[in-house]
Each structure stands twice: as C-alpha cells, then as structure tokens.
Amino acid sequence: MTASGSPEKNPAQAGRHNLDPHLDRYAARTSGMTASEIRALFAVASRPEVVSLAGGMPNLAALPLDSLSAQVAEIIAEDGLVALQYGSAHGVPALREQICEIMAMEGISAHPDDVVVTVGSQMGLDMVTRLFCDPGDVVIAEGPSYVGALGSFTAYQANVVHVTMDDDGLVPEALREALTQAERAGKRVKFLYTIPNFHNPAGVTLAVERREEILEICRAHDVLVVEDNPYGLLGFDGQTYPALRSTDPDNVVYLGSFSKTFASGLRVGWVLAPHAVREKLVLAAESATLCPPTFNQMIVSRYLATHDWKGQIKTFRENYRERRDAIISGLEQHMPAGSSWTHPDGGFYVWVTVPEGVDTKAMLPRAVTARVAYASGTGFYADGFGSRQMRLSYCYPTPERIREGVRRLAAVLESEMDLVRTFGTVTPRAVSGPQSPSPDTA
Ligand SMILES: Cc1ncc(COP(=O)(O)O)c(C=O)c1O
C-alpha cells in the first residue's frame, strides 16, 4: 500500500492504466469494439475545406422546417401530457398502423401488433442479435456489410461469415455453400443478415429473381432472415422491390427506419417480427429503453398524417439522384485505370475498388491531408478483407463538391500508385474488423 492507502501499481501496467484505469474491468465482449478510422480523423475530416465522402448523413435541407416546427408546437399544446410521458415499449399505436401502410408499398401485409417501434433501426439490429445470438453463433452477412450491424454482431460475440455479392446482390450459390460449410464445421448459424435494396456500402440491389431462392435456401437450412431496409423507398426512378418479408412472414424479421426518408435525428425505426417472436422482442425493447420516445413518435405520426410525405421522398430521391450522377461522372472522368465501381440506382453509396497495390486504409490520412475523406473498405468486413475497397457516400455534399472531392481523390490515388510502381506495395496490408457505428460512417 502507498502512504495514501491506495494499492501500489504494478509498474508494467501503470502505462496501460494511465490510458484507461478500467481496462481490466471490461466484459470480454467489448474487445471487438473499435472506433472507425474516419472517426479517429474526424476533427480534421470535418473541417469545411475537406470534402467528406465518408459519412452517411442524409441531406435534410429539403425538409419543410417551418410547417414542421408549427406542428411540433401543436403537439405540445394539444397533447403535451401524452407526448412528454412514458409510453409502451411496443410503440404508439397510430404510428404502428401508419408503418404497416408504408410497408404495404413493398408488398408486406402486416398487423400493427407485430410492429415494434425502436430507437432507429440500429436498436432493432441490436435487439435481434441479443435475442438470437449466443457467443460463437454464426451470422451470415453480405461481404461487405453495414458497419453498424457488424458492430452489433461483434458486441454479442457472434462470428460473421461473409457471402459474396455481384451486381445483382447476394449470390445464392455462395450462400448455399457458406451454410453447408458452417454446418459441416458444426457451427450454429442463427440468421442471414441482408440489405436487399440499395446496399450500404455496396450500392447494389438484390435481383428480384434471386429473392425467392434466397428465402428457400434459408428455410431449407433452418436459418432466419433479417432484412434491413432503410433505403427501399429511395430508388431513383421511384421503383420499389418486393420485400423478402412479403412472401415469408414466418421466417423474416424486417427492419425499417424513418432516418433516410424523414429525419434521422428523431431516431425512429421499427422491427416487424414474425408473430411468434413479437413478445420476446417487446420484452427486449423494454429492457433496453423502457419505451421509444413518445414525443418523437408523435412527430413522425403527425408528419405522415398531414404532410405529402411521398412527395417529400420524391424530392429526396431527386436530390440523391443528382448527387449519384455527379459522383459517377466524376469517377468516370478522373479515376485511374484499374479502378472499378458499382452503379447504384438508389440509396447513398458507391463501392469502389482501387488499383492493385493501393491500401485504402493506409491511404486515408493522406487523402484527408489532400482534403477529401472516404470510408475505407476494411471496416465493412469482419475478417480484414476490403483493403482495396472504399465506400464513397454521395448523399450529403453538393454535386460540385462531390466532383471536386472525386478529383482530389483521384490525384491522391495517382501519387499512391507512383509509390507502388517505385517501391511495390507501399503499405502493410491493413487488418481491421467491424467498427462501432457512428453518424460519420453510418
Ligand atoms: C443498412 C443500415 N441499417 C441500419 C442503419 C441504422 O439506421 P437508423 O438511423 O434507423 O438507426 C443504417 C444507417 O446508416 C444503415 O445504413
């Protein structure tokens, strides 16, 4: 003991404990929790002179703020004691009915009782993983996959097995193969996590002809499907696709969100569970948050009831399409030979493969110095793959800034390739894993 009565520190540990005195207390499940690379660079990357193609922040500029603020005031004036009170873990009934009408646009016929409102679909992901995954269970996910989902799977100590995609989304044969291999290895696969529409980060959409086959494969292997669909109404031609849930209500858990079609800051999403799962889901939601925020749910509900929300989504779509066109034309004009990219027809993201020898994670600080930021590919894989890939988000900057950002990015790539030509691969292969979600990489 020291003179002050506190235990003496092991000098070997003193340095570590100076960094975080709680290091030895954390649960084992926290070991996979890491911040995204771009978050580490956030202070620099968020300077106005940097064009950020890293973040997935929706562009809210087109929202009708004046009428929204009047309605928010009305909610307080007319219904304030309900709006500011606890509610049920299940969610506000009127909103759950409206959610069913929205899902009907993608062919889903659902009862409001089976809808559980969540604090964004991120909470839905967390709850579904909590309900189904024990440490060591396998979750199948597309490769690459949404960083926030990988973070939840890791937090519950599930093992992620990635299945390859092509321009038509998840490849059924690869899924069959992955399931067979996992079974042979004696692993328990709990669910397939899939983002069928306007994928984050890949930008591709699952072909309609593949959808039934994927459902069939999962049923045959007794594996649940978790369908995450925050971008489904953001097809640039107004096109929608039949939800997986629409034809397989007993084996698909569907996640929805108002983050991309209305306002991400309200944090309102939902889970449509198979009827048998609903009860457990409500209990899990209750233990996580007691209830989703009543006020925010009432704002969303009133907005849906009184605004031309479909017209608003059309405006959002047009804005995003203009930005998609800007990024694709910038890529075509500036990117060096040996690069390739996907062609999204909805959503927020393009997935880019850079020339051989370039490591996107190692290049990121140099790109930020050159005033352009992106999300490097490794964060979208649980297994360290993706060092030749990057995700570019075109949702937020103006089309002019997007074009300028791509021009800067291409110049950084050119100088990186000069180094590769001179020295071979200039950087060690980046090995990374799922990172915690944050607004800057979501
Ligand atoms: C595929 C996917 N799922 C879920 C989320 C989380 O969205 P929410 O804001 O509803 O929590 C995101 C956010 O970017 C996403 O891209």
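Guide: The discussion below concerns the strand pairing in this predicted model.

Visitor: In what order do the strands form the open sheet?

Guide: Strands of a sheet pair through backbone hydrogen bonds, in either a parallel or an antiparallel manner. Here eight strands make up an open sheet with mixed pairing, in the order E2-E9-E8-E7-E6-E3-E4-E5. Strand E2 (115–118) and E5 stand at the edges; each has a single partner strand, so one side of each lacks a neighbour in the sheet.

Visitor: Do strands E3 and E4 pair in the parallel or the antiparallel sense, and over how many bridges?

Guide: Strand E3 (residues 138–143) and strand E4 (residues 159–166) are paired in the parallel sense, over six bridges. Within this pairing, Glu142 has Val163 of E4 as its bridge partner. Between E3 and E4 the chain passes through helix H7 (residues 147–155), giving a right-handed β-α-β crossover.

Visitor: Which way do E4 and strand E5 run, parallel or antiparallel?

Guide: E4 and strand E5 (residues 169–170) run antiparallel and are joined by two bridges.

Visitor: How many bridges join strand E6 to strand E7?

Guide: Four bridges link strand E6 (residues 189–194) with strand E7 (residues 224–228), and the two run parallel. In this pair, Thr194 is found opposite Glu227 in E7.

Definitions and conventions. Residues numbered from 1 in each chain as written. Predicted model: local features only at pLDDT ≥ 70, side-chain atom pairs only at ≥ 80, totals over all residues. Pairing = 2+ DSSP bridges. Right-handed = clockwise from strand over helix to strand, strands pointing away.
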